[in-house]
Structures are given as structure tokens and as C-alpha cells.
Amino acid sequence: MIHYHLLCEQDHQFDGWYKDSAAFDKLVKAGLVDCPVCSSSKVRRALMSPAIGKGRDNASPEPPPNRAGSDTAQPLAAGPMPAQMVALLQKMRAEVEKSCDYVGNSFADEARRMHRGEREPRGIYGEASDSDAEALKDEGIDVARLPWVPRADG
């Protein structure tokens with residue numbers, strides 16, 4: 001992960017964390033990095049001082065294994081979510097709601113019907129338990145859990 005200090009066209013300062021420099025550049029080019037103050041998507045990196053690593057002995061430990069029995073641990077985070085992250089998640093939610101059909105608690109059943117060819121394939125979203133989501137993955141059905149934040153309009 002890389003941490004950037006950012007500035008918008010109105011010189012509002014904010015921070016962002018990105019997988020790497022290329023990921024940041026791709027998001028900016030797509031207009032997906034917004035100023036949390038004015039919502040401008042004309043964003044640039046601010047001048048930063050380099051971070052000095054502590055060395056391998058003080059490095060962060062590997063995340064603990066997933067206790068739910070899966071061999072793929074899901075990283076967790078706690079604390080307040082940065083405004084920029086909330087804004088990106090709100091954009092993602094709006095796009096999902098605009099482009100996909102809400103199927104509520106029938107998500108797992110509807111995904112299976114589409115996978116078997118009983119229903120026309122389309123984008124869907126809804127609720128599924130951890131065990132239902134894991135079963136869908138085991139059946140070869142691509143599903144993803146999304147962090148669901150309140151809508152941008154309240």
C-alpha cells in the first residue's frame with residue numbers, strides 16, 4: 001500500500017491509500033478520486049517526505065487465519081473510515097443500484113438459477129449469509145461482498 005497526500009484544484013488537502021502508484025493513476029484518470037471537501041475529481045499528489053521503513057524485525061505480522069474455516073483470510077479494518085473511501089464506496093453503491101437488480105434474500109437462489117441457465121444472466125445484488133456466499137463460490141459462481149455505506153444523498 002502507498003499513502004499519498006493529495007490536493008484538489010481548490011487546494012483542499014486530504015490523504016489516500018492505494019495499492020500502488022499505477023492504481024492511483026488509473027483511479028484519477030477514471031475520475032474516481034474525489035476531494036472530500038468540494039467533490040472535485042481534479043486531484044494531484046502533494047509534495048511528500050519519504051517514509052523510512054523500520055526494517056524486517058519490526059514489520060507488521062501476517063494477518064491471522066480466517067476463523068470461519070476458509071483458507072483465504074479476509075483483512076479487516078477498524079476505526080473511522082476516511083471521507084475519500086466513503087465517497088468511493090458511495091459511488092460504487094450508486095452504480096450497483098443503477099445497473100443491477102435487487103433480489104433481497106433470494107440472492108443465492110437467483111445466482112444459482114442464472115448459473116444453471118434457468119434465468120437470463122444479469123447483474124444482481126442482495127443479501128446472503130456467509131455460508132451461502134461460500135457455497136456459491138464452491139459451486140463456481142462468482143460473488144463478491146461489498147461494503148454497503150449509506151447513500152451519498154442521505
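Modeller: Let's begin with a term: a helix here is a DSSP run of H or I that is at least four residues long. This is a predicted model, and in it helix α3 covers residues 107–115.

Biologist: Nice! What separates Glu110 and Arg113 in helix α3?

Modeller: They are three residues apart in that helix, which means about one helical turn lies between them.

Biologist: Why is the contact of Glu110 with Arg113 called a salt bridge?

Modeller: The name needs a side-chain nitrogen of Lys or Arg within 4 Å of a carboxyl oxygen of Asp or Glu. For Glu110 and Arg113 the closest N and O atoms are 3.2 Å apart, so the pair meets the cut-off.

Biologist: Is Glu110 buried or exposed, and what makes you say that?

Modeller: Buried means under 20% relative accessible area. Glu110 has 6%, so it counts as buried.

Biologist: Which residues are in the salt-bridge network with Glu110?

Modeller: Asp101, Glu110, Arg113, Arg119 and Arg122 are linked there. The whole structure has 13 salt bridges.

Biologist: Which part of the chain does Arg112 in helix α3 link to?

Modeller: Arg112 links to Glu139, in the segment after α4, 27 residues apart from it. Their salt bridge has an N to O distance of 3.0 Å. Arg112 is buried at 16%, whereas Glu139 is partly exposed at 38%.

Biologist: Now the strands. Why do you say that β1 and β2 pair?

Modeller: Two strands pair if there are at least two bridges between them. Strands β1 and β2 have six, so they pass. Their sense is antiparallel, and Tyr4 stands opposite Gly16 in β2.

Biologist: What makes β2 and β3 edge strands?

Modeller: The open sheet runs in the order β2-β1-β3. Strands β2 and β3 each pair on one side only. From one strand to the next, the twist averages 40°.

Methods: Residues are numbered from 1 along each chain as its sequence is written. This is a predicted model: local features need pLDDT of at least 70, side-chain atom pairs count only at pLDDT 80 or more; totals for chains, interfaces and linings use all residues. Side-chain values use heavy atoms; hydrogens and water are left out. Helices (H or I, at least four residues) and strands (E, at least two) are DSSP runs, numbered from the N terminus. Axes are lines fitted to C-alpha atoms, for helices over the stretch in contact, and angles run from 0 to 180 degrees between N-to-C directions. Buried means under 20% relative accessible area, exposed over 50%, partly exposed in between (1.4 Å probe, protein chains only).
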